[in-house]
Amino acid sequence: MFYYIFTFIIVSLFLVYKERNSKSIRYSILTMCSYTLALFMFALYISKDSYYYNTINYLFSIPLPIWNRLMFFPVSLKPVIRLMNLFILATLYFGTRFVFAICDLPDRQTRKYSRIFLALFALEWILYDPDLFGAAYLFFYPDCLDFRQFNRIKDGLHGLTVAANTGVILTGLLLLYRNYRKSSPVRIIKAYSAGIGICHALIMGSYLFVFGRYPICLVKISKTAGIMSYLTAPLITDKWLSALFPYYLICSFILICFSLYRAGRIETSLKNESFTLSKQISAADTTSKAFCHYVKNEVLAIQSEIEIIDATPEQAVFFREIIDRCEHLYLRLDILYRSSRASVLTLQETCVNDVLRELLSDFSGELRECRVQLRMPEETVGALLDRTYFFQALHNILSNALDAMDGMPGEKRLLAVSLDSINRWTTIQITDNGRGIPAAELPHIFTPFYTTHPLTNHWGIGLSLTYKIIEAHEGHITIDSVENRGTTVEILLPRI
């Protein structure tokens with residue numbers, strides 16, 4: 001027990017520090033609090049029975065002075081049984097609410113299943129109340145049922161409740177595993193999903209070892225003598241298993257700490273990378289704005305000088321083409337300048353489905369010679385977006401995807417765009433089967449002015465601006481690519 005309590009204190013302090021307002025964290029702490037109180041009530045009950053002293057010493061390593069105090073603590077066992085069953089069932093209830101919160105089930109489903117489980121556990125608590133059991137025995141015996149028949153019904157009911165409670169725990173673990181498999185490939189989210197699953201599985205494993213057969217009826221009634229006696233609490237008495245249990249708790253503590261440490265290290269690493277990249281982008285902003293301003297002035301000067309040249313009709317055609325190209329270049333520089341300018345984003349609730357449809361419509365000409373797969377849910381997926389800036393970010397990504405497939409036959413070009421909701425995130429994936437990005441270049445793709453193409457066509461600013469826009473929306477962007485096989489860009493935005 002002392003190993004567990006130490007683990008509980010460490011984990012609780014960490015979780016409270018990390019996410020004070022998280023619903024899942026609150027239910028996690030309530031689960032561990034209920035389990036700790038159930039263990040305390042269990043130790044208090046069995047302290048009145050010297051039969052288990054050696055086993056308890058193996059299991060919980062309770063110091064002798066504390067054990068002696070528990071043995072002689074003046075308390076009636078009936079309220080101890082009630083409280084022990086209450087905290088055992090509360091552990092199951094808060095554990096299921098924790099799983100619902102982590103797996104981010106729809107509110108309607110969460111409320112529905114929460115009421116069902118609350119009613120189930122409340123019914124179990126009432127059924128195993130010592131006074132209710134005594135009243136039922138006195139009512140049915142001996143007129144309706146004899147002693148053996150009553151015990152068979154009691155054992156059958158107990159088997160059903162144990163199976164139901166074990167099924168609830170196993171279903172919760174399966175949901176957490178499904179949540180891990182479905183979670184985003186972003187390292188920090190994967191690490192947290194794995195850490196959460198490990199912590200919950202270890203706690204539930206300890207719970208099943210100690211309370212796998214609980215709640216249980218711990219009283220025996222004698223109608224003839226008119227007395228109620230208390231039974232020895234069932235516990236695994238195998239010395240081999242009992243000796244291993246403290247080591248299981250120690251290993252649990254180590255694994256929980258490792259999971260939290262690993263997640264923290266990954267989070268710190270990502271924050272450092274993000275900070276460094278943000279500094280590079282911020283430093284590049286001034287350079288790009290000055291560069292755009294200078295070139296725009298030069299383009300305007302060239303355009304003005306060409307317009308005042310007295311040209312022949314044949315020359316006028318060529319001069320008109322030069323002026324058109326200057327206007328096109330000016331517009332491109334103006335867009336780049338406005339995009340790189342430090343601005344305040346106006347975030348509004350936006351339908352992401354509509355943004356993606358508009359994006360594909362904007363590229364309809366380029367996508368005619370390309371197979372397009374669009375996958376999105378029927379229901380509206382919303383996010384807080386600055387539609388103009390976010391559209392520009394998606395525009396840059398899709399433009400790069402089309403460039404990557406340049407030169408491929410039309411029937412072999414494949415562009416897949418998908419929209420989904422995973423946990424607390426709205427996810428957008430854009431995948432192409434183009435030439436991909438070499439592994440050595442992947443760490444530099446968001447660096448300003450970094451490009452593998454000729455500078456006359458690509459200035460290496462698009463992805464750095466895209467990164468900055470996504471970051472300003474409090475989102476994440478990751479790029480996975482395999483050379484000559486394709487690239488997948490995933491954007492995660494906080495769900496409304």
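Me: Is strand β7 mostly covered or mostly open, and how many of its residues are buried?
Reply: In this predicted model, strand β7, residues 425-432, is mostly covered. Six of its eight residues are buried.

Me: Which strand does β7 join through eight bridges in the antiparallel sense, on the β6 side?
Reply: That is strand β6 itself, residues 414-422, which pairs with β7 in the antiparallel sense over eight bridges. Within this pairing, Ser 418 stands opposite Gln 429 in β7.

Me: And what about β9, how does β7 run relative to that strand?
Reply: Strands β7 and β9 (residues 486-494) run antiparallel and are joined by eight bridges. Thr 427 stands opposite Leu 492 in β9, and the bridge partner of Ile 430 in β9 is Val 489.

Me: What holds paired strands together in general?
Reply: Strands of a sheet pair through backbone hydrogen bonds, in either a parallel or an antiparallel manner.

Me: In what order do the strands of the sheet come?
Reply: The order is β4-β6-β7-β9-β8, which gives an open sheet of five strands with mixed pairing. Its edge strands are β4 (371-375) and β8 (476-482), each of which pairs on one side only. From one strand to the next, the twist averages 10°.

Me: Which helices pack on the sheet?
Reply: Helix α12, residues 352-362, packs on the sheet and touches β4, β6 and β7. The direction of α12 makes about 170° with that of β6. Helix α13, residues 387-404, also packs on the sheet, where it touches β6, β7, β8 and β9. The direction of α13 makes about 25° with that of β7.

Me: Changing topic: which residues touch the most other members in the largest nonpolar core?
Reply: They are Phe 42, Tyr 45, Val 210, Phe 211 and Tyr 214, in a core of 56 residues. Helix α5, residues 77-103, supplies the largest share of this core, with 16 residues. A second, separate core has 39 residues, including Leu 394, Ile 428, Ile 430 and Ile 491.

Me: What does Tyr 45 contact, apart from its neighbours within four places in sequence?
Reply: Tyr 45 is in contact with Leu 77, Val 80, Ile 81, Leu 218, Tyr 230, Leu 231 and Ala 233.

Me: Now the helices: at what angle do α6 and α8 cross?
Reply: The axes of α6 (residues 107-127) and α8 (residues 147-182) cross at roughly 145° and come within 12 Å. The crossing is left-handed.

Me: Which residues meet there?
Reply: From α6, Phe 117, Phe 121, Glu 124 and Leu 127 meet Leu 157, Thr 161, Asn 165 and Val 168 of α8. By class, this contact has five nonpolar, two polar and one charged residues.

Me: Lastly, how many helices and strands does the protein have?
Reply: The protein has 14 helices and nine strands. Buried residues make up 42% of its 496 residues.

Conventions. Residues are numbered from 1 along each chain as its sequence is written. This is a predicted model: local features need pLDDT of at least 70, side-chain atom pairs count only at pLDDT 80 or more; totals for chains, interfaces and linings use all residues. Side-chain values use heavy atoms; hydrogens and water are left out. Axes are lines fitted to C-alpha atoms, for helices over the stretch in contact, and angles run from 0 to 180 degrees between N-to-C directions. Helices (H or I, at least four residues) and strands (E, at least two) are DSSP runs, numbered from the N terminus. A crossing is left-handed if the near helix is turned anticlockwise from the far one by less than a right angle, and right-handed if clockwise. Contact means heavy atoms within 4.5 Å. Ala, Val, Leu, Ile, Met, Phe, Trp, Tyr, Cys and Pro count as nonpolar, Asp, Glu, Lys and Arg as charged, and the others, Gly among them, as polar. A nonpolar core is a set of buried Ala, Val, Leu, Ile, Met, Phe, Trp, Tyr and Cys residues joined through side-chain atoms within 4.5 Å. Buried means under 20% relative accessible area, exposed over 50%, partly exposed in between (1.4 Å probe, protein chains only). Two strands pair if DSSP finds at least two bridges between them.
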